[in-house]
Amino acid sequence: MKDFENDLIYYPNPDPIEEPRFILNSVEELEKSTKYSVICNGTERVVYHTDSFDYVVVVDDEAYDLEISIHTPFEKLAIRPTSFGIVPSIKGETVQIHLDEPKKFTVETDGGLHDALFVLCSRRIEKPENTTICFEKGKVYNVGILTLKPNDTVYIEEGAVVSGCIYADHCDNISIVGNGIVNGACWHLPDSNAHRFFIYIKWCNNVLLKGFTAVDGPSWHVVPAACDHVVIDDMNIMSRIVTGDGIDITSSQDVEVKNCFIRSTDDSICIKAHGLIADTSTVRDVTKVYVHNNVLWNAEPGNAIELGYGLQSEIHDLVFEDCDIIHCQYEGNMGGAAISIHQADGGHVHDVHYRNIRIEQAEQKLFDIKVLLCKYTQQVSKGEINDIHFDNIQVLNGDIPVSLIRGYQTPTEEVRVHDITFDNITFMGKKCETWQDLRLVTELANDIYVNGVRTCKQMKF
């Protein structure tokens, strides 16, 4: 069921913001949680608050002995991902958890989706010797738009807060690392998105983003566009405004995304190949993308793992594996899905693999694969979708969602989705043996394989 306590507001044409709306004078000005407090290894950690979630960044070099105090009454407690096997000890309002290694997880009380606590544990990242820009612990920096240069290494120390956006264009060998926070709230109205990306890296080679927290940006949060050799590791990415995508890998090649926590108010991880913000140069093939060991929470708009829209070039050789989708909330618009491919343009999507993915909540659809005409369409002729492979996808609880596969047809054009394989798909531990078990609806699609058995054969005319 949709949570109506915190309805989202979407302005399709938000008011332009030409300069930051405010400055932060100190780290203390960031709002703190009144519901949660957290102690780790005997030291109290700062728990931050937004209207959609609370979060704490826990940095340590040892094991993690956590004491989480919940200052409002609750009856039921859930810790996700459940695949982590975290078993808490609960005494009154205190939840005790021991971790031998850092993990990123949520603490949810009584099913509440807008007041959960995100516990984001990481190892400490020391300042690199080649640091060119340093943001120090305990200080706040109002950067407006931090524009990088080639060979820049940005270090954001634990406890530092950078207020603003980050931009790089044609910059090779750049890094943004550390355990601090980048906060983008100054670049959008409180209840609206803005026409500006948060961390926008364009036409860059050899990019490392590691360890830091990116929260409350103005639109898409992390956007490598037309880049080569990108690693996004151990980041915490959290949005609270509509169009707040987590990571949009656009026209980029040789990209790895791992060990991240993403809570997005739109697509969590998205693949695109189209022009961005009036820049048609960013139309290029997407290939060699490896996404693994991430925790994803997709709020009401969008999809958890999405290919589309804006696929104007070839998309191939992508792997998504060993990820936990802990929530994919009810969208109620174009129909959100845990895993989706939406081809509204002319690019060819093929050889995409999804493996060992655990889904704890998919309120609307599980798989949604379409060639279609929609408001995002830019190319008239439609591209194909084929050779898509799903292996060991588990729906762990909740309602059993429907899945859709649909091609495209007009009086002059027909594009069929074909050669889609489903192997070892389980709902609450029960294996789906047939397409009926999968609750799969198909139209203008053929050669769908479920556990090696071909169905939806193309008719001969």
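Here are a few friendly notes on the core and some of the strands in this predicted model.

1. I would start with the largest nonpolar core, which has 89 residues. The residues with the most contacts inside this core are L307, F320, Y354, F390 and F422. Its largest share comes from strand β30 (residues 315-328), which supplies six residues.

2. Setting aside neighbours within four places in sequence, Y354 touches I305, L307, F320, I339, S340, I341, I388, H389, F390, D391 and I393. Among these partners, L307, F320 and F390 also belong to the list of core residues with the most contacts.

3. Strand β27 (residues 286-292) deserves a look too, being mostly covered: five of its seven residues are buried. On one pairing, β27 joins strand β24 (residues 253-258) in the parallel sense, over five bridges. Here V257 stands opposite V291 of β27.

4. β27 also pairs with β30, again in the parallel sense, and over six bridges. In this pairing, H292 stands opposite E321 in β30. So that you can follow the side chains along such elements, recall that in a regular strand they alternate between the two faces of the sheet.

5. Finally, please have a look at T426, which sits in strand β38 (residues 417-427). T426 has a relative accessible area of 11%, so it counts as buried, the cut-off being under 20%. Beyond its neighbours within four places in sequence, T426 is in contact with I393, Q394, V395 and K431.

Definitions and conventions
Residues are numbered from 1 along each chain as its sequence is written. This is a predicted model: local features need pLDDT of at least 70, side-chain atom pairs count only at pLDDT 80 or more; totals for chains, interfaces and linings use all residues. Side-chain values use heavy atoms; hydrogens and water are left out. A nonpolar core is a set of buried Ala, Val, Leu, Ile, Met, Phe, Trp, Tyr and Cys residues joined through side-chain atoms within 4.5 Å. Buried means under 20% relative accessible area, exposed over 50%, partly exposed in between (1.4 Å probe, protein chains only). Helices (H or I, at least four residues) and strands (E, at least two) are DSSP runs, numbered from the N terminus. Contact means heavy atoms within 4.5 Å. Two strands pair if DSSP finds at least two bridges between them.
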